[in-house]
Amino acid sequence: MTEPNFKISAQWPLHAGAGERDVAHIRLRAHGETLSRLLDLEAKEEREYFRTSAVSLAFWFADNWWRLRYECLRDGRFPDADWRMRHELTSVSGGTRWPPLMFRRLLILKKVIRQETLEEQLEAA
Amino acid sequence: MPRRKPPSRSAAERSSESDRRDLRSPPPSNQERRLLAAKASLGPYSKHKKNPTAYKLKAYEGLDEDRTFCDADADFTPADLVRAPDLLQRGISAGLFGHKNKKGDPSLLWTVDDNGWIYEACITNPGYGDYHAYPVLRNEAIARKVLARYREYVENANEPALEPSLKNAEDRYS
């Protein structure tokens, strides 16, 4: 079985008490690549997860799933702030570091003899 | 046996973590700004201090998140705390209110420092206007929206002292 194109893994502390079940170690992967790899300068280590509120992330995906899945960038123009706030992970919440990831629909135009077809896929770039 | 329509599920109010970050639109009235300015205050919070003891705060004991820091990220030192009330008033005067309220207070506010750093203030004590703040990082989209409104405010305020903050912020978040 192949790995799904996009995967979110969240790991919570084993013995998290009440009120300690929000922050998780979150890892994002797409097409077999880790998108959340970072260098923790303080701990002097490289890790593949970031530590933040899994609840906030879940709400953000729930609030924006349609736009993430179906909304593309028109004409390749640089997106405005409103668009970025619905498509960039750094907009989830303030006061926490989020990976600088943008999710958008990718349109691929293919000429097939006399007709054009659109293929779509979710790109995590 | 006839089926009965089940009772409607009560919609639970979402937690604060789900608050979408955005500016209030249209901007708050002058009266709203005056009312908030009269009661709002900004207090330091150890969660967003790399070295909380330097601010005479206890060490942060909350969950181990990848937090942003006023001191380590924005070089906002304990000596800068005396400027905090003026910075908060600046953000309120500029109408940089978040679009959601908690007990009558905006749950989020923003302000722009002279050195160009934007700070996001989050309500600590709803209803009393107590806030704590943390820096907005360069890659956060909300910075563009805050700057657009702040630019309009500065251009109409006729206060030359505000101009460096606008110029420096536009450089920092470009």
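This is a predicted model: local features need pLDDT of at least 70, side-chain atom pairs count only at pLDDT 80 or more; totals for chains, interfaces and linings use all residues.
Two residues are in contact if their C-beta atoms, placed from the backbone, lie within 7 Å.

## The nonpolar cores

B:Ala121 is also one of the residues that touch the most other members of the largest nonpolar core, a group of 39 residues. The others named with B:Ala121 are B:Ile118, B:Tyr119, B:Tyr131 and B:Val146. Which elements of chain B give two or more residues to this core? Three are helices: H2 (70-74), H3 (84-93) and H4 (142-157). The others are strands S4 (108-112), S5 (118-125) and S6 (130-135). H4(B) supplies the largest share, with six residues.

## Chain B as a whole

Chain B contains five helices and six strands. Along the sequence their order is α-β-α-α-β-β-β-β-β-α-α. The C-alpha atoms of the chain fill a box of roughly 75 × 40 × 30 Å along the principal axes.

Chain B has 174 residues, and 34% of them count as buried. Among contacts in chain B with a separation of 6 or more, 51% join residues 24 or more positions apart.

Notes: Residues are numbered from 1 along each chain as its sequence is written. Chains are lettered from A and ligands numbered from 1 in the order in which they are written. Helices (H or I, at least four residues) and strands (E, at least two) are DSSP runs, numbered from the N terminus. A residue is buried if 20 or more other C-beta atoms lie within 10 Å of its own, exposed if 12 or fewer, and partly exposed in between; C-beta atoms are placed from the backbone. A nonpolar core is a set of buried Ala, Val, Leu, Ile, Met, Phe, Trp, Tyr and Cys residues joined through C-beta atoms within 7 Å.
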